[in-house]
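Hi,

Here is the structure I promised to pass on to you. Please have a look at it first, and my notes follow below.

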Amino acid sequence: MISQSIPVIWYVIVAFILFSVGIAGLLLRRNAIVLLLCIELMLNAANLVLVAFSGVYKDLSPQIFVFFVLIVAAAEAAVGLAILALIFKNRDSADVSQFSRLKW
Amino acid sequence: MIFFFLFSAIAVLSALAVILFRNPVYSVLSLVLCLFAISGHYVLLNASFLAIVNIIVYAGAVMVLFLFVLMLMNLNHLSESLRSTKFKLAAASVSLVFFLVLLAIVETLRHGHLNTVASGSYDSSMIAISRTLFSTYAVPFELTAVLFLSTIVGAVLIGKKQGKDSE
Amino acid sequence: MVNIILSNLYYGIIFLPLLGWALLALFGHKISKTFAGVFASGLVGVSFCLSVLAFFNLTQKSLTLILPLFEWMKIGKVSINLSFLFDPLSIWMCLIITGVGCLIHIYSIGYMHDDPDAARFFSYLNLFSFFMLVLVISDNFLGLFIGWEGVGLCSYLLIGFWNRTHAYNEAAKKAFIMNRIGDLGLILGIFFLLAVFHSTTYSTVFSAAPALAIGSPIITIITLLFFVGVTGKSAQIPLYTWLPDAMAGPMPVSALIHAATMVIAGIYLIARAHVLFEMSPLTMSVVVVVGAATALWGALIAVGQQDIKKVLAYSTMSQLGYMVVALGLGAFSTSLFHMTTHAFFKALLFLAAGAVIHSLSGEQNIFRMGGLWKKIPATTFVFFLGVLAIAGCPPFSGFFSKDAILVAAAGYSSWLFVLMTGVSLLTAFYMFRLFYLVFLGNSRGDAHPHESPKVMLIPLFILSVLSAFAGLLNLPEHWVKGQWFSKMMSASVGIEKIPPEATSHLELFLFLGTVVFLGLLWFGAKQYSVMQAKNPDPEHQMSWLNRLLYRKFYIDELYDFLFVRSYLAFSRLLEISDRRIVDGIVQKAGGLVNVTGRGLKYLQSGDVGNYLLMLLVSVCFIWLMFTDIGRAIFIWVKGL
């Protein structure tokens, strides 16, 4: 590969930006699908940090860890969507603010 | 260098697009684009195998799953209630503050390493990964298989049609 | 040996009535009314017998006895013990209290015969006897105060005995509250006493007192404060208005408490503390002035009254004024002598009036009575004896006791002598008026009077005998070598100086003058009564003088305006502020919880985004603390 001389801090900053954007999305949006998407976004940001440090320490373990994160993200997306589908069937809406029985 | 900025720009912009589009389909597609950018970063970091895996699994399977659910449930036509402006402002500012806090943490933890160059040459080929995966991390690997099994069972159970006698 | 047994028996004088109260209070409703009355009377009778025993054993042999009870408190150097003192003054008071008391108890058996609460009545009478005995027989001022307060309490209980009628409860409250004002004076005096002498025991105080100068300010203060107490208890000006209202109670109560015993507590106090009073000429002058004014005032008001009990009440007030004047003149045993005779004939008058009211089935207005002498001759006769006694007609007891006071007054100033003589003439006038309107003439009412039962008449007879012959106790010095009473009392109250004006000429003048004036007054009163009886005016047609007297110089209205209204307004102010401010604060504190809850419920909005926002904010704060920058910010903020 082309050898780069980018300090790892840059990668960390980019990941932080992505992560914050994900959090902002989680706060702002009410569509359930988009919420799940934001969660995936945050997971990806974490993956980016991991891979960046794998390059720093010249160790493969963070990359293995990324594998597992990928696995878990996929599983979680699947189950989450199943639940969403069920709720949608019952309530006819994917708007999270409708699912608020647990309140005053 | 230029590739780094290119990929970063695409990633950040498409992330913003994810949260800003009204139509959830557009959001999903934006996330796919974001994933591609991140995979580009992986390549720059000498983790080429991971980059491909990211595209295949994440962009190719999980996002497609999202799209399937969207299409099948016709969720793209639903309108979503909006939050109050006050809240939007609060959310944006809190996210910004959060980002700054993260930076501050990193600053506190500075120990010289952060200026290190991120990519060096090391063996990150598929062979090396699989060697590590199936020897040192074999047990977690098997456990993930169990995890997937339970996921499948769970998803099927949850998504089953109600009304019939439970089996 | 015998003496020790006897000494212990004397405890019974005080505690038998207390036992009576306790037993009647607990079990009175289970026994018959008559039995309750007999039991109560019996206990007081036994007390009387024991008092007689004490009298013959101690006073006749010129002995004094102190019976200890227990040590009440010990504060620093001051030790207050409760004990009983048996000296001539206290034993004589016991005799009167238990003797007249016993007669009144017996009378009450008949009077309260129809009342369902009779047992309660007798229990209160016994309790009253107990407290009165404690008052006169304690050997220190605090024991006296216990009795003082106790009789005030019993007065309240007994005046308001028929507690279904609201007006009677008001009268009871009035009596108690006015007494309280007097009590404040008394207790302040006792505090000063304690501060100066470090003891309240009579013997200690009276032996230490002469060390101070005559007219020393502290003694004057103490005695003036004591006199405030006397004003309240013995119905002097200005704390007398409770006495006529106290007539709301049953007749035996009026006889016992407000004629013969409780009101004389003040007289007893001054007589007992004569050492202190003699040391303060200022107080003695005040006492004389107040006593004389009270005597005149009471007599004037009595002339205009229409209720038989009210006439007697004001006459009591006037006679108490006489006793107080005598005390102020230094004639202590004379005052006590008049107190004794007054106890006899006033109790007689009240009980006889009770018999009249009883026989007329409750009528109390003298303008609706008349012509009773034919129907109830026995009652008429005893009442007439009482009237003669109080008017000071010789040879009955009232003449000798009143005479002695007039002589003492002559020794002080001629103005006082003229005033007191004038008051006694007024006394005769209104008593004759009363007698005429109630018993003589033609019947104006339409009730059918019947003679009272024997159980009521016998005490009346006994009292009339005493009223007639009690004068023999203390005949004037110049006539017969009498003065037995004064000599006996001298052990307690000192030897009385006989003023130089008290020559035998004066005595003769008084004797003849009294007879002549009484005769004149008899006819004058008769004419006046006849005139009044023909046309008893309703109030709005009375002459201004008549109305002034009938309305008691409007003093009650004045007190109401000055004191009662302002105090009630003050209480209302306090009540409002209590409700609004104090309760308001408490309610606002509760409301605070309410408001906070209403604000905090939004935390549970059910909106995930909201939750996440709050989570994020807290996470930011916490993580910030782990960073150098965060800590720097924190320190900067703290430094502000």
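Let me start in chain C, where the axes of helix 3 (residues 88-111) and helix 20 (residues 454-469) come within 7 Å and cross at roughly 155°. Angles over 145 degrees count as roughly antiparallel, so helix 3 of chain C is roughly antiparallel to helix 20 of chain C. The crossing of these two helices is left-handed. Please keep in mind that this is a predicted model.

If you want to select the residues of this contact, helix 3 of chain C contributes Leu103(C), Ile104(C), Ile106(C), Tyr107(C), Ile109(C), Gly110(C) and Tyr111(C). From helix 20 of chain C come Val455(C), Met456(C), Pro459(C), Ile462(C) and Leu463(C). By type, the residues of the contact comprise 11 nonpolar and one polar, with no charged ones.

Next, chain A. Its secondary structure consists of three helices and zero strands, in the order α-α-α from the N terminus. Chain A has 104 residues, and 51% of them count as buried. Taking the contacts in chain A with a separation of 6 or more, 51% are between residues 24 or more positions apart.

Leaving aside residues up to four places away in sequence, Ala155(B) touches Ala78(A), Val79(A) and Ala82(A).

Best wishes

Conventions: Residues numbered from 1 in each chain as written. Chains lettered and ligands numbered in written order. Predicted model: local features only at pLDDT ≥ 70, side-chain atom pairs only at ≥ 80, totals over all residues. Helix = DSSP H or I, 4+ residues; strand = E, 2+ residues; numbered from the N terminus. Buried ≥ 20, exposed ≤ 12 C-beta atoms within 10 Å, placed from the backbone. Contact = placed C-beta atoms within 7 Å. Axes fitted to C-alpha atoms, helices over the stretch in contact; angles between N-to-C directions. Parallel < 35°, antiparallel > 145°, perpendicular 65-115°, else oblique. Left-handed = near helix turned anticlockwise from the far one by under 90°. Nonpolar A, V, L, I, M, F, W, Y, C, P; charged D, E, K, R; others polar.
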